[in-house]
Amino acid sequence: MTKLPLTSSLGPTLETARLILRPPVAEDFPGFCAFQSDPKVMEHLGGVTSDAVTWRVTRAIAGAWALDGFHMFSVIEKDSGQWIGRIGALYPHQWPAREVGWGVLSSAWGKGFAKEAAVACVDYVFDVLGWDDVIHTIAPDNAGSQGVAKSLGSYNRGPGRLPEPYADSPVDIWGQTRAEWQENRKRFFV
């Protein structure tokens, strides 16, 4: 088993009690392939993709870090040193608003990793990037992601629309403002 790097030249490294979050590196590619080939994980994320498409997605995330200074972090479990998902800030062209999105391997579901990493990312977008508002685009039948959003104190703001190629996929826009997060952070995480 190859140990993954714990830092990336593309951006910052965030640390939580159980996780390391850092921009992607080339060695993350097998983790991204496992993620994007898992039908359970990809059910609400556009469907399973080939390794060739996953390669492009991984490079696009790295490119966004280089061009914009933010995007998805690779999530590394400290105990195992393994890549378990990608979570972070994104704002694709024609997206409804700035988002913190999450996804972890199905083998990591139910362990609180998505919430733990999302808390660090929401802190990051408000405290470091200076955002005033954050959303999460979630399929109406994605109870798992809705649960993560609720645990952060986000609420359903109603239906939204994503750009192509996702325009036909229904989504609800969940979110909260910086001021709401400051209150939710005290109430939920102190």
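The points below treat the nonpolar cores and then the salt bridges.

1. Basis. The model is predicted: local features need pLDDT of at least 70, side-chain atom pairs count only at pLDDT 80 or more, and totals for chains, interfaces and linings use all residues. Residues are numbered from 1 along each chain as its sequence is written, and side-chain values use heavy atoms, with hydrogens and water left out.

2. Main core. A nonpolar core is taken as a set of buried Ala, Val, Leu, Ile, Met, Phe, Trp, Tyr and Cys residues joined through side-chain atoms within 4.5 Å; buried means under 20% relative accessible area, exposed over 50%, and partly exposed in between (1.4 Å probe, protein chains only). The largest such core holds 45 residues, and those with the most contacts inside it are Leu-21, Ile-87, Trp-102 and Leu-152. Helix α4 (residues 113–127) supplies the largest share, 11 residues. Helices (H or I, at least four residues) and strands (E, at least two) are DSSP runs, numbered from the N terminus.

3. Second core. A separate core of five residues includes Trp-95, Ile-135, Leu-162 and Ile-173.

4. Surroundings of Leu-21. With neighbours within four places in sequence set aside, the residues in contact with Leu-21 include Pro-12, Phe-73, Val-75, Ala-117 and Cys-121. Contact here means heavy atoms within 4.5 Å.

5. Salt bridges. The whole structure contains seven salt bridges, each defined as a side-chain nitrogen of Lys or Arg within 4 Å of a carboxyl oxygen of Asp or Glu. One of them joins Lys-78 and Glu-15 (2.6 Å, N to O). Lys-78 lies in the loop between β3 (72–77) and β4 (83–90) and Glu-15 in strand β1 (residues 14–15), 63 residues apart. Lys-78 counts as partly exposed because its relative accessibility is 29%, whereas Glu-15, at 58%, counts as exposed.

6. Helix α4 and the β1–β2 loop. Glu-116 and Arg-18 form a salt bridge whose closest N and O atoms are 2.6 Å apart. Glu-116 belongs to helix α4 and Arg-18 to the loop between β1 and β2 (19–22), so the pair ties together parts 98 residues apart in sequence. Glu-116 is buried, with a relative accessible area of 16%, while Arg-18 is partly exposed at 32%.

7. Helices α4 and α6. Which residue forms a salt bridge with Asp-123? The partner is Arg-185, with the closest N and O atoms 2.6 Å apart. Arg-185 sits in helix α6 (residues 178–189) and Asp-123 in helix α4, 62 residues apart. Arg-185 is partly exposed at 26% relative accessible area; Asp-123, at 16% relative accessibility, is buried.
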